[in-house]
Amino acid sequence: MDDLSVLDEINRLLDDRDDATVNTSMRLPVALRDAAALAVERLGAASSTTTMAAAALRDALETIVMETALRLHYEAHPDAEPSLAEVALALAAQDGSPLAEQPDAIRAAAEAVLARHPDADADDVLLWAEAQLAVTT
Amino acid sequence: MRTVVLDNEAVQALTRVAHPKHRVVVAHLAGAASRRRRGRITETVVPTSVRVEAGWDRSQPGAAALNRFRVRDHVLDGPTADVAASVVAVGAVTSVADAHVGATVRAVASGDIVVLSSDPRDMAAVCSPTPVTIVAI
């Protein structure tokens, strides 16, 4: 099964609204289970530890699917891959940040951040850009 | 949680790799994935009427790549149609798809709503009074 087929099957399973449950053989560290139980019982973190674990697993899987879908899209269409600065600019616009009106500042920040932190993400760029503007104004 | 709602041109840009705004819309999806990696959940939603207008048929083989991005449908069911009709009735728009965007932003549970659109003025009209961030693409 190639990555595309795996992705499609994971998507199908995530979209399946069948609420049937299964007792899984998945093994959890006892301390983690106990911490989750405390968070549910004493902090109201979720309606149950099962709900909490299922939601966390779903969130993680959806993130993996999105990242994999993007990676495969970029492999098929290299020109479609936005730069880090373009992603940061998109997030600035979504955030309603004044930085959205300063693409040059974001591009410069992306360049500076990547030179020091090659694994930086778009939020690192926005933080850097905001800091640079704060010290220059 | 943030909800990003796609309008017609955002969908068309996403659907077609050669579209001049393809990278821009992909950057928004990449930003959502990046935020998810940081634990900030962002979902992307498309009103089904917008899909109709943009010609996005999920069952077609050509839509397979787009289907992998986990863009959730917001369905035009009976209650949603009532809300959309009320948007049309106040004269905000005459387009079913635009009115459905207005109904969608009223329905999503997220307190942080972003609309990606090539027509910010119409989107502002259909979304009012729901607070949204409209990002022009």
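Before anything else, the burial cut-off I'm using: a residue is buried if 20 or more other C-beta atoms lie within 10 Å of its own, exposed if 12 or fewer, and partly exposed in between. Also a reminder to myself that this is a predicted model.

**Entry 1: E43(B)**

I started with E43(B), which is found in strand β2 of chain B. Buried or exposed, or partly exposed, is E43(B)? I get 18 other C-beta atoms within 10 Å, so E43(B) is partly exposed. For β2(B) as a whole, 5 of the 6 residues are buried, so the strand is largely enclosed by the rest of the structure.

Next I looked up who E43(B) touches. Skipping neighbours within four places in sequence, I find contacts with M1(B), T3(B) and R72(B).

**Entry 2**

In what order do the 5 strands of the open sheet come? I read β3-β2-β1-β4-β5 in chain B, with parallel pairing. The edges are β3 (71–74) and β5 (133–136) of chain B; each has a single partner strand, so one side of each is left without a neighbour in the sheet. Neighbouring strands are turned by 30 degrees against each other on average, direction ignored.

Then I went through some pairs:

- β1 (residues 2–6) and β4 (residues 112–117) of chain B pair in the parallel sense over 5 bridges. V4(B) has V114(B) of β4(B) as its bridge partner.
- β1(B) and β2(B) pair in the parallel sense as well, over 4 bridges.
- β2(B) and β3(B) run parallel and are joined by 4 bridges. Here T44(B) stands opposite V71(B) in β3(B).

As background for this list, strands of a sheet pair through backbone hydrogen bonds, either parallel or antiparallel.

What packs on the sheet? I noted helix α6 (residues 96–107) of chain B, which touches β1, β2 (42–47), β3 and β4 of chain B. The direction of α6(B) makes about 145 degrees with that of β2(B).

**Entry 2: chain B overall**

I counted 7 helices and 5 strands in chain B. Along the sequence the pattern reads β-α-α-β-α-α-β-α-α-β-α-β. The radius of gyration of chain B is 14 Å, close to the 14 Å from the globule rule for 137 residues, so the chain is as compact as a globular protein of that length. Along the principal axes, the C-alpha atoms of chain B fill a box of roughly 35 × 35 × 25 Å.

How much of chain B is buried? Buried residues make up 47% of its 137 residues. I also looked at contact range: among contacts in chain B between residues at least 6 apart in sequence, 64% join residues at least 24 apart.

Most residues other than glycine have a negative phi, and most peptide bonds are trans. With that in mind I flagged two spots.

R70(B) is not a glycine, yet its phi is positive, about 55 degrees. I located R70(B) in the loop between α4 (64–67) and β3 of chain B. It is buried, with 21 other C-beta atoms within 10 Å.

The other spot is the peptide bond from S128(B) to P129(B), which is cis, with omega near 10 degrees. P129(B) is found in the loop between α7 (120–127) and β5 of chain B.

I looked at helix α2 (residues 30–43) of chain A. It has 14 residues and reaches 19 Å from its first C-alpha to its last, close to the 20 Å expected at 1.5 Å a residue. Of those 14 residues, the number buried is 0, so α2(A) lies largely in the open. G44(A) follows α2(A) and has a positive phi, near 65 degrees.

Last, the interface: 25 residues of chain A are in contact with 23 residues of chain B. On the side of chain A that touches chain B, α1 (3–15), α3 (49–76), α4 (84–95) and α6 (122–136) of chain A each supply at least two residues. Which helix gives the most? It's α3(A), with 9 residues. I sorted the residues on that side of chain A as 12 nonpolar, 6 polar and 7 charged.

Key: Residues numbered from 1 in each chain as written. Chains lettered and ligands numbered in written order. Predicted model: local features only at pLDDT ≥ 70, side-chain atom pairs only at ≥ 80, totals over all residues. Contact = placed C-beta atoms within 7 Å. Nonpolar A, V, L, I, M, F, W, Y, C, P; charged D, E, K, R; others polar. Rg over C-alpha atoms; globule rule 2.2 N^0.38 Å. Expected span 1.5 Å × (residues − 1). Pairing = 2+ DSSP bridges. Axes fitted to C-alpha atoms, helices over the stretch in contact; angles between N-to-C directions.
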